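Dear colleague,

I am passing on the structure below, together with some notes on how its parts are arranged. Please read the notes alongside the coordinates.

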Amino acid sequence: MRSQRGIPVRHVKIMDNISRKITRDGIVDLGEGYERYEDVNGADAILVRASDIHGMDLGPNVRCVARSGAGYNNIPIEDCARRGIVVFNTPGGNSNAVKELVVGMILVNSRGTLGGINWVLDNAQDPDIVRDAERNKKAFVGHEAIGRKVGVVGLGAVGSKVANALVSLGLDVHGYDPYLSVEHAWQLSRSVKRVDSLDELCRDADYVSLHVPSKDDTVRMIGARQIALMHEGAMLVNYARADIIDEDAVAAALKDGRLGSLVCDFATPKTTRMPRTMITPHMGACTNEAEENCAAMAVSQMKDYLESGIIRNSVNYPDCDLGPVTSGLRIAALHDNVPNMIGQITAVLARYDANIRRMSNEAQDGSAYTLIDLDGRLDDGAVADLRPIPGIYRIRVLEPPREATRA
C-alpha cells in the first residue's frame, strides 16, 4: 500500500500515551506514509513507553519496537533479536530531567529540608507558629554540599550531566565508568576526577549517585562493602534502577546510622519501610520536555530503520548507518553472529549477478547486522535463496522513494 505520492504506508501500533506535544488530537503525528494501526498482527512497528509487552504475540510483520525512554525491561529484547526485530531506546532524551531532579535532591536533602517542611505542616494550626518555628529550626540543621566528595557511578548520558552540574556547584566530583564512551568522555568536565574502581569512588564519599543500567554486573553493586567505605552519614542517591542497590544492606546501614539517607526513585516494599529515606514515584524523567524529546527520538529512529535500515541506539543489534537509500536496492540482513555468514550472503548474490556497491557488517553479542547496497534490481529468487541460510533471522529489501528514483 502506498500514499498518493508513492510512499509506502507503514502501520504503527502505539501502546501508550507517548507525548502530548508531538500529538495531533491525542494521536502521535508520525508523518506521511505512516498510519496508526490497532491490530499488532498487522503492524510494521510498535511504539511503546511503559506497557509491558512480554508474552505479547508481536505478529509476523513487526520489524522494530521503539521504546520512548531509556529503560527496556518491559520488552523481550533477546526474543526480539532472534526474530529479527530491532529494539530501540532513547538514551539521553530524558537526561536533563533526571539530572535536574538528582542535583536538586542532593542539595535539598543535605539541609534537613523535608523534616522542616513536615514540621510546618504538622503545626499549621499553631497560633504561635512564628515564635515556635524560631525555637525549633535548629532541629533541622544540615550541612552545605560545596567542597564535599561526591561519587558518580556511570558517566553516560545522565551521569555525565550530573557530574558536570555538581562540579559547577563546587563539589569535589569523582566518576567511575569502565565503559565510558568517547562521546561522553568529550562531554565530561576536566574537573571530574576519574577513578579506576568502585571501591576508590566510594571511599570517604559524602554522596554516591548511581546512573547505570540494570545488568548482570551492576545488580546489587552497592552493598555492605561499598557503604562501609563511604563517609559515615553519607547520602546514597539511586535514580538508575531499583536493583542496583542491595536493599537489605542499605536497610541495615540506615538503621545503624552508617548510612545517613537514601534518596531514590523506586518505591519498593523494602525501601518504603526504611528510615531516613526520600522516595519519589519513578518520576525522574517525568517532564513535558523529556517526554517530547524521547518520543521524537523514538519516532525518528523507527522511521530511519523502516525506510533505510539505519540502526541507532538499539539494545539488541549494533548501530549501522549507510545513509538513506538513494538508488538501486539495499539488502538488510539480521542474523546470528557466526563465521562465514557474509560469505554465504555474498555467494547467493553472486549467483544472481548482483553488483555490490558498498556493504557494512556490525556485530553485538550474539546478533549481527549486514547492510548491502546493490546497483540495479535483484531477482526475486535471490531473496528467496537468502532467507533459508542457517542463522538468518530476517531479510529486508529496501528501495529508494520514488522522488529519489526520479532524481
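The span of residues 38-316 is 35% helix and 15% strand, with its end C-alpha atoms 25 Å apart (helices, H or I, of at least four residues and strands, E, of at least two are DSSP runs). UniProt gives this span, in an unreviewed entry, as "domain: D-isomer specific 2-hydroxyacid dehydrogenase catalytic", and such annotations may be inferred rather than shown by experiment. For residues 131-284 the unreviewed entry lists "domain: D-isomer specific 2-hydroxyacid dehydrogenase NAD-binding"; here the chain is 29% helix and 19% strand, and the end C-alpha atoms lie 37 Å apart.

This is a predicted model, in which local features need pLDDT of at least 70 and side-chain atom pairs count only at pLDDT 80 or more, while totals for chains, interfaces and linings use all residues. Residues are numbered from 1 along each chain as its sequence is written, and side-chain values use heavy atoms, with hydrogens and water left out.

The domain assignment, from an automatic or database source, gives domain 1 (1-92 + 287-316), domain 2 (94-279) and domain 3 (320-406). The C-alpha centres of domain 1 and domain 2 are 34 Å apart, and their contact (heavy atoms within 4.5 Å) takes 7 residues from domain 1 and 5 residues from domain 2.

Between them, domain 1 and domain 2 bury about 520 Å², 54% of it on carbon and sulfur atoms (accessible area, 1.4 Å probe, lost on being put together and summed over both). Across this interface the rule finds 0 salt bridges (a side-chain nitrogen of Lys or Arg within 4 Å of a carboxyl oxygen of Asp or Glu).

Key. Buried area is the accessible area (1.4 Å probe) that two parts lose on being put together, summed over both.
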